[in-house]
Amino acid sequence: MSSTTNYILGVYDDEDEVLHAVSAVKAKGIKVEDVYSPFPIHGLDVAVGHDRTRLPVAAFMFGTLGMICAFALISYTMVFDWPMIIGGKDFFALPNWIPIAFEGTVLFTAFGLVTTFCISNDLWPGNKTLPLDIRTTDDKFVMAINVDKNKVSAADIKKALKESGAAEVNVK
Amino acid sequence: MAGHSHFSPANVEEHFEFSSEGKKRIIYAFIAGLAALALGIYLLSKGESGGHEVANAGHEAVKAGHEAATAGHEAATEHVSGGAVSHQASAEEHYDWTNRIWANVWLNAVFFTGIAVVGMFFVSLQYLTKSGWSSVMKRVPEAFPKFLYITLPILIAVFLFKGDVIFHWMHHGVTEVGSENYDKIIAGKSGYLNKSFFLIRLVVFGGLWILLWKMLRKKSLEEDLNGGTEYFTQLVRIGTAFIVVFGASSSIFAWDWVMSIDTHWFSTMFGWYMFSSWHVTTYAVIVLAILYLKDKGLMAYVNENHLHDLGKFMFAFSIFWTYVWFEQFLLIYYANLPEETIYFIERWEGHNKIYKTSEILMVLLNFLFPFLVLMTRDAKRTRLFLKIAAFMIIVGHYIDFYQMIMPGVVGKHGGYGLVEFGMVTVFAAAFIYVISDELTKASLIAKNHPFLLEALHHDI
């Protein structure tokens with residue numbers, strides 16, 4: 001979203017319109033960069049053709065890391081550093097540690113995933129990026145097309161957006 | 001809301017036809033099960049009719065008591081392990097080779113009762129929460145409670161005629177002061193655990209289950225004919241009533257039917273534990289039934305989004321089961337009280353360790369397998385993965401119930417033989433037959449369900 005990028009924005013009034021417009025515009029060989037909406041629209045991710053999110057993979061990795069860390073912590077403290085007899089059990093009392101491993105897994109997954117999500121969506125603290133069209137936080141739906149990434153000319157893109165039912169077409 | 005305005009509600013009925021071919025196949029399976037069962041019973045009568053089992057029973061019992069006493073380090077609990085000795089001893093004295101057959105009947109009746117009644121629970125829950133997505137497939141679980149007509153009488157009959165085989169508290173004289181079998185702990189529980197009160201609970205709650213299911217089924221079928229939202233309101237009321245009844249009765253029956261087998265032992269988590277096992281099994285059965293119907297070309301409107309949701313349920317409740325099972329174990333392991341640890345000692349190293357393998361296998365099948373197989377989104381949307389996972393969950397939870405019931409009833413005389421395989425085949429064939437027959441009686445799609453349109457647009 002740097003200022004040198006050349007975007008054409010189709011602004012729509014209705015989520016149903018924008019959903020159909022995506023397919024119509026794409027049918028003309030135009031690549032749609034993204035669609036901005038005040039709320040999630042069912043089927044939109046499929047229509048735009050976004051890749052599936054890789055957050056589950058991150059979740060699994062954070063979870064595994066959390067489990068290993070929790071096991072390492074409790075093993076080190078309870079077996080090696082300061083062995084303690086609790087309830088007549090072995091020092092390495094595996095069943096007692098499963099709740100701790102579970103909590104570690106959940107904690108690492110939760111924090112790790114929120115952090116990953118924010119970084120991958122440019123949402124870190126202090127980031128002042130404004131949306132392409134501020135009205136997408138209210139009642140408008142915006143389809144963004146990156147002119148530089150398209151072989152179709154800007155005029156044709158504008159025409160296609162108009163034909164697909166866009167209320168206005170802006171350049172940014 | 002989003003798009004798809006060209007969709008119209010499925011106004012066509014769709015009927016499952018229970019072909020004579022299919023009937024024949026299930027009846028053959030039933031007969032094969034009966035044959036295996038008969039052979040198993042014959043082998044059992046040959047193998048274990050000798051008297052030497054009873055002769056060393058006392059020796060075994062003393063050993064078991066010794067184990068229990070050394071398990072805890074507290075001297076104060078010794079009188080309790082003394083109780084455990086008498087339990088073991090009396091169980092051994094009553095042993096007869098036919099006990100294993102009755103234990104198997106009880107095991108399967110309890111297991112399939114659970115599947116049948118949780119079908120009703122699932123439908124009721126959908127009405128209580130006013131869920132839309134499930135309205136396309138609710139006719140499948142709605143048919144399950146029909147099997148209660150078979151399992152509840154079996155439970156009552158086994159209880160009346162062979163109850164003393166299954167339940168320690170029904171042994172002769174355990175509550176009579178001065179009797180040689182007198183057991184102080186069981187006598188203390190006899191206000192709840194006695195024959196007539198047990199039977200009252202079984203008949204009253206079992207009757208309520210059937211009654212509420214009949215009402216729900218009737219309204220549901222009338223809704224198909226007439227339409228209108230007043231049926232939905234009434235169904236929500238029936239569903240809510242059933243949830244209230246089931247909330248109490250599922251725990252009560254867990255104590256009655258399974259936990260009271262080991263009469264001395266108790267666990268406050270047992271109601272949840274058994275319910276979670278029933279619950280996840282039923283999801284697996286629903287998934288298999290729907291996938292079977294889809295393979296027949298029916299229920300095309302049940303798409304991978306609905307299957308995904310069912311897969312999530314199987315995944316989530318497998319983990320829920322693991323949580324309950326493990327917490328029950330962990331608290332007992334941590335506290336280390338002899339009267340509680342005896343339950344796990346029996347299943348882990350007691351009875352010549354015959355239950356140890358299935359205990360390990362059960363946790364692998366019920367936790368690790370569904371956890372890893374159903375973890376990804378794609379797996380929950382792929383029929384093959386769902387089928388494999390559902391089948392394994394059913395097997396795993398059958399073993400779970402086996403582990404709950406067998407050690408307490410037959411002890412070291414248990415095992416996996418033709419009796420077990422024959423009995424479960426007989427029950428499964430009967431279940432499939434009855435449910436298939438019930439499925440033919442209504443359209444597979446509840447065409448006037450007010451949320452049907454929402455369900456057809458289900459997208460996750």
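**View 1. Helices α14(B) and α16(B) meet in a left-handed crossing.** A crossing is called left-handed if the near helix is turned anticlockwise from the far one by less than a right angle, and right-handed if clockwise. On the α14(B) side, the contact includes B:Leu361, B:Met362, B:Leu365 and B:Phe369, while B:Ile388, B:Met392 and B:Ile399 are among the residues that α16(B) brings. Two residues are in contact if their C-beta atoms, placed from the backbone, lie within 7 Å. By class, this contact has 14 nonpolar, five polar and two charged residues. Here Ala, Val, Leu, Ile, Met, Phe, Trp, Tyr, Cys and Pro count as nonpolar, Asp, Glu, Lys and Arg as charged, and the others, Gly among them, as polar. Helix α14 spans residues 356-373 of chain B and helix α16 residues 383-409; their axes are 9 Å apart, at an angle of about 155 degrees. The two helices are therefore roughly antiparallel, a term for angles over 145 degrees.

A quick note for reading every view: this is a predicted model, where local features need pLDDT of at least 70, side-chain atom pairs count only at pLDDT 80 or more, and totals for chains, interfaces and linings use all residues. Residues are numbered from 1 along each chain as its sequence is written, and chains are lettered from A and ligands numbered from 1 in the order in which they are written.

**View 2. Helix α16(B) also packs with helix α5(B).** Helix α5 covers residues 99-128 of chain B, and its axis lies 10 Å from that of α16(B), at an angle of about 140 degrees. This crossing is right-handed. Look for B:Trp106, B:Leu107 and B:Phe111, which are among the α5(B) residues in the contact, and for B:Phe401, B:Tyr402 and B:Ile405, among those of α16(B). The contact has eleven nonpolar, one polar and no charged residues.

**View 3. Helix α1(B) packs with helix α17(B).** Helix α1 runs over residues 20-47 and helix α17 over residues 418-439 of chain B, with axes 7 Å apart and an angle of about 155 degrees. That angle makes the pair roughly antiparallel. Their crossing is left-handed, and the contact divides into 20 nonpolar, six polar and no charged residues.

**View 4. Chains A and B touch each other.** Twelve residues of chain A and ten residues of chain B take part in the contact. The chain B side has six nonpolar, three polar and one charged residues.

**View 5. How confident is the predictor in chain B, on average?** The mean pLDDT of chain B is 87, and 87% of its residues reach 70 or more; pLDDT is the predictor's confidence in each residue, from 0 to 100. Over residues 49-91 of chain B, pLDDT stays under 50. Where pLDDT is low, the predicted coordinates should not be read in detail.

Conventions. Axes fitted to C-alpha atoms, helices over the stretch in contact; angles between N-to-C directions. Helix = DSSP H or I, 4+ residues; strand = E, 2+ residues; numbered from the N terminus. Parallel < 35°, antiparallel > 145°, perpendicular 65-115°, else oblique.
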